[in-house]
Amino acid sequence: MLFNNPEEVLFQWVSRVCCGNPEDIAALYHEDAVLIPTFSPHTVTSPDGVKGYFEQLATRDGLGVRLHNKAVRKQPLSETLHTISGIYSFEFEVDQVLLSFPSRFSFVIDITFDRPIVHHHSSQVPRNLS
């Protein structure tokens, strides 16, 4: 599947995470992609690693992602290569309580690839120290 713009990739990623199918999510990541995930201290650099990370995440009851549309920023690097960044919140149950984990993200996306995500970094928004 080819995409017309990086926003389409982002919206597909959110949709696929909400559906909870790790294979569909991993299919968006280029075979040489780097994933610095939200809920793991380990950088992932293989297709099996990407799939494994999302398999683990998909075991969470109530899994969803809510995109904060006003926080999304796109930067074109060329006609086909873009960064897109912002805030989304993961939601899932912990001890039968639905919790939200606001997180910052950045994607590097090449829309000429069938698997357009070449880099993805995500980290929880730090709590205020004051």
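Is K74 buried or exposed, or does K74 count as partly exposed? Select K74 to begin: at 40% relative accessibility it counts as partly exposed, where buried means under 20% relative accessible area, exposed over 50% and partly exposed in between (1.4 Å probe, protein chains only).

This is a predicted model, in which local features need pLDDT of at least 70, side-chain atom pairs count only at pLDDT 80 or more, and totals for chains, interfaces and linings use all residues. Residues are numbered from 1 along each chain as its sequence is written, and side-chain values use heavy atoms, with hydrogens and water left out.

K74 lies in strand β3 (residues 73-76) and E7 in helix α1 (residues 6-19), so the pair ties together parts 67 residues apart in sequence; helices (H or I, at least four residues) and strands (E, at least two) are DSSP runs, numbered from the N terminus.

Next, select K51 and E23, whose side chains meet in a salt bridge at 3.6 Å, N to O, and which link helix α3 (residues 47-57) with helix α2 (residues 22-26). E23 is exposed, at 53%, whereas K51 is partly exposed, at 27%.

Finally, select R66 in strand β2 and E91 in strand β4, 25 residues apart, which form a salt bridge at 3.4 Å.

How values were computed: A salt bridge is a side-chain nitrogen of Lys or Arg within 4 Å of a carboxyl oxygen of Asp or Glu.
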